[in-house]
Amino acid sequence: MSKIKKVLVANRGEIALRIIRTCHEMGLSTVAVYSTADRDSLHVRFADEAVCIGPPASGESYLRPDRIIAAAEVTGADAIHPGYGFLSENAEFSQICQDNDVKFIGPSPETIRMMGEKSLAKQTMAEAGVPTVPGSDGIVDSLEEAKEVAKEIGYPVMVKASAGGGGRGMRMVFEPENFAKAYNSARSEAEGAFGNPDVYLEKVVEEPRHVEIQLLGDGKGGVMHFGERECSIQRRHQKLVEEAPSPIVDEDLREEMGQAAIRGAEAVNYEGAGTIEFLVGADKNFYFMEMNTRIQVEHPVTEEVTDVDLVEYQIRVAMGETVQSRKVPIDGHAIECRINAENPYRNFSPSPGTITAFHQPGGHGIRVDTHAYASYMIPPNYDSMIAKLIVRGKTREGAIKKMQRALDEFVIEGIKTTIPFHQQLMKDPRFQSGDFTTRFLEDFEMEPPPEE
C-alpha cells in the first residue's frame with residue numbers, strides 16, 4: 001500500500017474544510033489553496049499550510065491546474081483531493097497529477113473522460129447491462145436524423161448535451177412542431193457552455209424521480225454500493241434537498257439498483273467515490289442518467305444512515321486498499337437541506353455580502369457542514385451554497401420534525417438565505433407524504449414573507 005502523507009485540497013468552502021477534517025483524523029498533513037477572495041476562509045485557517053493561487057475569478061485560481069500543481073510541488077504534497085465542482089471531473093487535471101507523480105484521489109483520466117461524454121457513458125452502461133432510457137444510439141448528426149429518432153421513440157423527448165451537466169444544454173419537447181427550435185437551442189447552449197454542440201435524444205420518463213446510488217471502487221475490480229439517495233426536490237435541475245433512503249425504494253429495488261450500479265462501475269474499472277444517477281418512473285422501472293465521478297454535495301446523508309466516512313474511504317482506496325463487496329445496512333433516515341445565499345422570495349436571486357450574525361442549530365442527530373461564520377464575507381464569485389444542514393431520525397417523519405426544529409434554530413443575518421424556503425417545504429403535505437417527482441417545485445408557491 002502506498003502511503004499518502006500530505007494532501008492538497010484543490011477546492012474551497014465547506015467541502016475543503018470537510019476533507020481537511022478527515023485528513024487530520026487520519027494523521028495526514030493538509031495544504032489549502034485559496035484565491036485572494038478566500039484568504040479569510042476557514043479551510044485556510046484550519047489547514048496545516050496554505051498557498052494563494054490567484055485572484056477571485058475561478059479561471060485564474062481554482063480552475064488553474066498549473067498553479068495547483070505548483071502549490072503541491074512547493075509544499076511537498078503527495079496527493080490531491082479535488083472535492084466536487086472545479087477540477088473534480090476534469091480528465092486533463094487527473095492526467096496532469098499522474099504525470100507529476102501526485103496521487104489524484106479519484107478515478108483515472110480514462111474513466112472521467114468516458115463518463116463525461118454522456119452519449120458514450122450511456123452506451124457503456126447499456127453494454128454492461130444497466131437499464132438506459134430509450135433514445136438515439138449516441139450523438140445525432142443532423143436535425144433530420146434527430147427528428148426521425150424522436151418520431152421513433154415517441155414524444156415527449158429530451159434533447160441533451162453530450163458534454164457538461166447541471167441541466168445546461170437540455171430541452172424537453174412535447175410536440176413535433178417545436179422540435180427544431182429546441183434542438184437548435186440545446187446545441188447552441190451546449191456549445192456556449194461546454195465548447196461542444198453535440199446532443200443526443202432520450203424519451204422522457206413519465207412522473208420521474210431522481211434516485212442515485214453511492215458507489216466506491218478500488219480500480220482493481222472491487223466495487224460496493226451504499227444504498228440510494230432521493231434527489232427529486234430540484235429547481236432548474238439543481239438539487240435543493242436530498243434524503244436517504246428514498247421514500248419509494250424498498251429492499252428489493254435497492255438491491256436491484258445497487259447491483260446495476262455495481263455492474264456499471266465495474267465496466268469502467270472505477271476507482272474512488274462515485275454515483276450513478278437513475279430516473280425512476282411511476283412503475284418503479286429505473287434508467288441510467290449519468291455517472292458523477294467524484295464525491296457529491298449530498299454525501300453526508302449516506303454517511304448518516306450507513307455510519308461510514310466516505311472521504312476517509314476515498315483516501316484509503318487511493319492508498320491502495322481494496323474494496324470487498326458487502327451489504328451495507330441502512331439505519332434510520334437522513335435529510336439534507338442546502339442553505340444557499342439566495343433570496344427565495346425573489347426567484348432565488350443571489351445574495352452575497354457580509355454575515356452579521358450566525359448561530360447554527362445543535363442537538364442529537366444534527367450536523368452542519370459549513371465554512372461560514374459571523375462577519376464572514378460571502379464573495380459573489382462562487383457557488384451560493386454556504387451550509388448543509390443534515391439531520392438524522394429513526395424514521396422519515398422523525399427526520400422531518402427534527403429538520404423543522406433545526407431550521408427554526410438556524411440564524412443567519414445580514415444576507416438572504418434559502419432557510420424560509422426549506423421551512424415551508426418541510427410543512428408541505430405532498431413533501432411529507434413522500435409522493436413527489438422532479439417536477440414538484442413547478443407548482444410549489446412560496447407563502448409571502450412575514451412583515452418586518
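1. A quick note on this predicted model, starting with its overall size. For a chain of 452 residues, a compact globule would have a radius of gyration near 22 Å; the chain comes out at 22 Å, so the two agree. If you like to picture a box, the C-alpha atoms fill one of roughly 60 × 60 × 45 Å along the principal axes.

2. On burial and surface: 58% of the 452 residues are buried. The chain exposes about 18,700 Å², and 46% of that area is supplied by carbon and sulfur atoms.

3. Turning to the make-up of the fold, the chain holds 14 helices and 22 strands. Take the contacts between residues at least 6 apart in sequence: 66% of them join residues at least 24 apart.

4. Which strands pair with strand 1? One is strand 2 (residues 29-35), which runs parallel to strand 1 and is joined to it by four bridges. Within strand 2, Ala32 is the bridge partner of Val9. Between these two strands the chain passes through helix 1 (residues 13-25), and this β-α-β crossover is right-handed.

5. Strand 4 (residues 79-81) also pairs with strand 1, again in the parallel sense, over three bridges. Here Ala79 of strand 4 is the bridge partner of Val7.

Key: Residues are numbered from 1 along each chain as its sequence is written. This is a predicted model: local features need pLDDT of at least 70, side-chain atom pairs count only at pLDDT 80 or more; totals for chains, interfaces and linings use all residues. Side-chain values use heavy atoms; hydrogens and water are left out. Two strands pair if DSSP finds at least two bridges between them. A crossover is right-handed if, with the strands pointing away from the viewer, the path from the first strand over the helix to the second runs clockwise. The radius of gyration is taken over C-alpha atoms; the globule rule is 2.2 Å times the number of residues to the power 0.38. Buried means under 20% relative accessible area, exposed over 50%, partly exposed in between (1.4 Å probe, protein chains only). Contact means heavy atoms within 4.5 Å. Accessible areas come from the Shrake-Rupley method with a 1.4 Å probe; for residues, only the protein chains shown count as cover.
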